[in-house]
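Visitor: Please walk me through this one. Keep it quick.

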Amino acid sequence: MNGEDLLAERFEEHRPHLRAVAYRMLGSLSEAEDAVQETWFKLSRSDVAEVANLGGWLTTVVGRVCLDLLRSRGARREDPLQDQDGREVRLPDPIIGGARAIDPEQEILTADSVGIALMIVLETLAPAERLAFVLHDLFSVPFDEIAPILGRTSASTRQLASRARRRVQGAAPAPDADLALRREVVEAFLAAARGGDFDALLTVLDPDVVARSDGGALRPATFRRGANEVATGASAFGARFAGESRPVLVNGEPAVATFLDGRPVSLAAFTVRGGRVVELNIFTDPERLERLGLSAA
């Protein structure tokens, strides 16, 4: 095995970790793959013979690539989604798993409870805040290694991560641990939505529940907050669940994929805390649903 083949083999050992970093940074599976590929190009053109910790070197490189991608993203669409505070936000790409478990490769991407709710909050952070938080809080990269990527001091980088941490803790509460109980709550919501049972909906919705629907460029985005408003709009939700549905997992959380004539028409991800739905995120963008490879089988 020559030197290039050996380097490629070592890189492949780190690829799952690098994809996980890039996904948390970008919220896009395709952009994450692009970032990992760019990291390989940089590695293949670099002399790393004296690098003692290749994994750490690659992590900082992919972080820098992702930072550049975040900063270069174009203007948002004219009808954006919003978070709880009215800031513009996009639904990140979901990681789809089976009804009961995520396969090992997907599990690496969504480890450490990186659910859709947390990913949405990460979308609201400034690029530098997101980098500092993701690398330090999620991957334990020291601040003195993150600071050069941002062109800041370690103290300033620490402040960025602290500010991001406060926002995350305030806006992305941890879901209940018991997956079976969370699924029961989702099933109760679906039954009430399909039946138009307003009172039953209120029993499974948190008073401050947030519901978003992201239809991409072809369909309008919607944002609802509060149990009464979400329950009032449940007839629309019920219509989306009226077709052939099957349970799946989205970033390790209960979700429902709905199909019409075998084609996916919606994917609804639920965050359940305290036995109630606190967040509901619905993907209805036909192009994105097609890319996810969902199947009614």
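**Charge pairs and how the chain is laid out**

Visitor: Where do Lys42 and Glu38 lie, and how many residues apart are they?

Guide: Both are in helix 2 (residues 29-44). They sit 4 residues apart, about one turn of the helix. Helices (H or I, at least four residues) and strands (E, at least two) are DSSP runs, numbered from the N terminus.

Visitor: What should I know about the model itself?

Guide: This is a predicted model, so local features need pLDDT of at least 70 and side-chain atom pairs pLDDT 80 or more, while totals for chains, interfaces and linings use all residues. Residues are numbered from 1 along each chain as its sequence is written, and side-chain values use heavy atoms, without hydrogens and water.

Visitor: Back to Lys42 and Glu38. What do their side chains form?

Guide: A salt bridge, at 3.8 Å from N to O. The term means a side-chain nitrogen of Lys or Arg within 4 Å of a carboxyl oxygen of Asp or Glu.

Visitor: How many salt bridges does the whole structure have?

Guide: The search finds 10. One of them joins Asp137 to Arg165, with the closest N and O atoms 2.5 Å apart. That pair links distant parts of the chain. Asp137 is in helix 6 (residues 127-138), Arg165 is in helix 8 (residues 154-171), and 28 residues separate them.

Visitor: How open are those two, Asp137 and Arg165?

Guide: Asp137 has a relative accessible area of 29%, so it counts as partly exposed. Arg165 is partly exposed as well, because its value is 24%.

Visitor: What does Glu279 pair with?

Guide: Arg212, with the closest N and O atoms 3.1 Å apart.

Visitor: Which residues form a network of salt bridges?

Guide: Glu129, Arg163 and Arg167 are linked in one.

Visitor: New topic. Which residues of helix 3 and helix 7 meet?

Guide: From helix 3, Thr60, Arg64, Leu67 and Arg71. From helix 7, Glu145, Pro148, Ile149 and Leu150.

Visitor: What about Arg194? Where is that?

Guide: In helix 9 (residues 179-195). Arg194 is partly exposed because its relative accessible area is 47%. Its C-alpha atom is 8.1 Å from that of Ala234, which is 40 residues away along the chain.

Visitor: Last one. What is the overall picture for the chain?

Guide: The protein chain has 13 helices and 9 strands. It has 297 residues, and 48% of them are buried. Take the contacts (heavy atoms within 4.5 Å) between residues at least 6 apart in sequence: 65% of these join residues at least 24 apart.

Terms used
Buried means under 20% relative accessible area, exposed over 50%, partly exposed in between (1.4 Å probe, protein chains only).
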